[in-house]
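This report describes a pocket, the strands around it and an aromatic pair. The sequence and structure are shown below.

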Amino acid sequence: MNHFTKIVFIYLILVMPCRAQSDIHSNHIGVSGVPVFDVLNMFPDNQIKGGAFNINYGTMIIENLSFGMNLYYSRVSNEYKTESFDLHKERQEIKIIGISPNLRYQFRVKEKLLFYALTSVGFGNYNEKTTNLMTSEPVNYGDENESILMLKAGLGMNYFLSEKFALE
């Protein structure tokens, strides 16, 4: 990163005036992603990898309350031995795609800091496929494609870097 970019970034974070506040009918858009892997090495013989992504859009309907939509996509794979004494390995792939409306209530704490509580209920599609790695044959342990109900509730925080840009 060159010096000019560093100076602009520091200015945006520390100096530029902004307020952690959203007016009625203002919009917020967010994108997030998370890698998935076995951080704690709880399954040492498994090779877990993948990622989860979320896109959200919302609008303030009344003071401190916004209504929005979340779009989800997640794909995770796991290679594992079927038995501890067997050399036979299988690969399991799981995909989740979903959409859910949400309500978000905001609590302003300081000029650049805003906390919120969020609740969401939606639906999605769960797809699971297991393959024998030795023969490349599919292994079926039930339905491959199912509908799911997604429930979400939690707390979050926004730190405003400028009037219209925040880290969530």
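## Basis of the description

Contact means heavy atoms within 4.5 Å. Residues are numbered from 1 along each chain as its sequence is written, and side-chain values use heavy atoms, with hydrogens and water left out. The model is predicted: local features need pLDDT of at least 70, side-chain atom pairs count only at pLDDT 80 or more, and totals for chains, interfaces and linings use all residues.

## Alanine 166

By the contact rule, alanine 166 touches Asn158, Tyr159, Phe160 and Leu161, with residues up to four places away in sequence not counted. Alanine 166 belongs to strand β8; strands are DSSP runs of E, at least two residues long, numbered from the N terminus. At 28% relative accessibility, the residue counts as partly exposed, the class between buried (under 20% relative accessible area) and exposed (over 50%), with a 1.4 Å probe and protein chains only. The C-alpha atoms of alanine 166 and glycine 30 are 9.3 Å apart in space, although 136 residues separate the two in sequence.

## Strand pairing

Two strands pair if DSSP finds at least two bridges between them. β7 and β8 run antiparallel and are joined by two bridges, and a hairpin of five residues connects them. The bridge partner of phenylalanine 160 in β8 is alanine 166.

β5 and β7 also run antiparallel, with 15 bridges between them. Serine 120 has lysine 152 in β7 as its bridge partner.

## The largest pocket

A pocket is an open set of points on a 1 Å grid over the protein atoms alone, where a 1.4 Å probe fits and protein lies on both sides within 12 Å along at least five of seven lines; lining residues have an atom within 4 Å of a point. The largest pocket holds about 860 Å³ of space, a volume being the space filled by probe spheres set on the points, which are joined across faces, edges and corners.

Its lining comprises 33 residues, with His28, Ile29, Asn158, Phe160 and Ala166 nearest the centre. Strands supplying at least two lining residues each include β1 (27–37), β5 (113–132) and β8 (166–167), while β7 gives the most, with eight. By class, 11 lining residues are nonpolar, 15 polar and seven charged; Ala, Val, Leu, Ile, Met, Phe, Trp, Tyr, Cys and Pro count as nonpolar, Asp, Glu, Lys and Arg as charged, and the others, Gly among them, as polar.

## Aromatic pair

Rings of Phe, Tyr and Trp (its six-membered ring) pair if their centres lie within 6.5 Å; planes under 30 degrees apart count as stacked, over 60 as edge-to-face and the rest as tilted. The count by this rule is one aromatic pair. The ring centres of tyrosine 105 and phenylalanine 107 are 4.9 Å apart and their planes lie at 70°, so the pair is edge-to-face. Tyrosine 105 is partly exposed at 38% relative accessibility, as is phenylalanine 107 at 40%.

Technical notes. Helices (H or I, at least four residues) and strands (E, at least two) are DSSP runs, numbered from the N terminus.
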